[in-house]
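Biologist: Before we discuss this chain, I would like each term set against the rule behind it. Could you begin with how the elements are named?

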Amino acid sequence: MAKITLFAQVIQKIPKELIKSLAKKHGTDKYAKGFNTWSHLVSMVFCQFADCVSLREISNGLHSANGNLNHLGIARAPSKSNIAYQNGHRSCAFFRDCYYALLDYFGQQVSLSGRKFRFKNAVYVLDSTVIMLCAEVYDWARYTHAKGAVKLHTLLNFNTLFPEYVHISDGKAGDNTAARNVVVKQGSIVVCDRGYFDTLLLKLWDSMKVFFVVRVKDNLLYERIEERDLPDKAHPEVLIDEIVRLTGNETAEQYAKPIRRIAVYNALHHFTMVLLTNNMTLAAGTIADLYKARWDIEIFFRNLKQNFHIKSFVGTSPNALEIQIWTALITILLFAVLRQQATYKWHFSNLVSSLRLNTFTKIDLYLWINEPFTPPPENENDT
């Protein structure tokens, strides 16, 4: 039997020295009186871990573990006014950099994917998800006349299924506009949906030597330059593979280079989709499979929204909202590390809910995640 809680053992996976160096870099402890950056981070991770819906629940939940706070590196449980003040004033940039630093720190230990794309190039999917808000409460995040919203623009690594870039904008920001701020490594392959078909954006990526695979509407204006032969063992759903030139009034001017057009039939839903790419070497079937795997980002968004607390918020300022989103990403990162290290084959949502039910249970973390349903040994004195 362990002497510290499961939650404390999870928190101890976060390298405290790394957090201290980030806090020093951002100056987030400069005027802290008691409730320092580490305590703030732990409190907001606890909000996600225990699915707290209010500041009172965060404060009371940590107060209830009063005897175990020293294992969390916290001197005392914060009041709800302390958390509210720091959510409004401590820069969310620290929490953003904390997520990226932990993603780099855990490296190959973190993955939500069971499938590996074996490419020399890094493969990413780019997409966004909308988080709806109450317009009366979040008046700075106007989306429609009656609703508010923010968008998470996400660049997801296909191998790990974790974001390597997240940009949080208001709900009105266009996907193609936000994509111009995404830094993608030279030689990478970016897969994206119709919202990113912007010839200026495609021209920018091409100039950066980034390969793209983007779906377009069926009414695209083009002229054929060359039709490529499909091999005998071609992907059965690939209908055509050709090199074309765009002929629309704006598209021809904005993207003048020849581009590859691939038409793919979706047998499951009985429709044809058209893909454009500047990669001239990969097989058409591989391009089609890459786009099909784009659905993985929807699974990531579902895991994030269903298992963590980002559909309602404990603060109303832009800073507080971003802190809660970044700490949700940090928490999903920690759970992914545990899932990767466990010998038991956990479904992700089952791991989250089971650990949540045992937040303050004192048992060895790895004994529990490796054999969660093994009954305790029988007492030899029992007859």
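Modeller: Helices (H or I, at least four residues) and strands (E, at least two) are DSSP runs, numbered from the N terminus, and by that rule the chain has 14 helices and nine strands. This is a predicted model, in which local features need pLDDT of at least 70 and side-chain atom pairs count only at pLDDT 80 or more, while totals for chains, interfaces and linings use all residues. Residues are numbered from 1 along each chain as its sequence is written, and side-chain values use heavy atoms, with hydrogens and water left out.

Biologist: What makes a residue buried, and what percentage of the 383 residues are buried?

Modeller: Buried means under 20% relative accessible area (1.4 Å probe, protein chains only), and 51% of the 383 residues fall in that class.

Biologist: How do you know which contacts join residues at least 24 apart?

Modeller: A contact means heavy atoms within 4.5 Å; among contacts between residues at least 6 apart in sequence, 63% join residues at least 24 apart.

Biologist: Which element gives the most to the lining of the largest pocket?

Modeller: A pocket is an open set of points on a 1 Å grid over the protein atoms alone, where a 1.4 Å probe fits, with protein on both sides within 12 Å along at least five of seven lines, and lining residues have an atom within 4 Å of a point. The largest pocket holds about 360 Å³ of space, and of its 17 lining residues the closest to the centre are Asn266, His269, Phe271, Met273 and Lys292. α10 gives the most, with four residues, while β8, β9 and α10 each supply at least two.

Conventions
Buried means under 20% relative accessible area, exposed over 50%, partly exposed in between (1.4 Å probe, protein chains only). Grid points are joined across faces, edges and corners, and a volume is the space filled by probe spheres set on the points.
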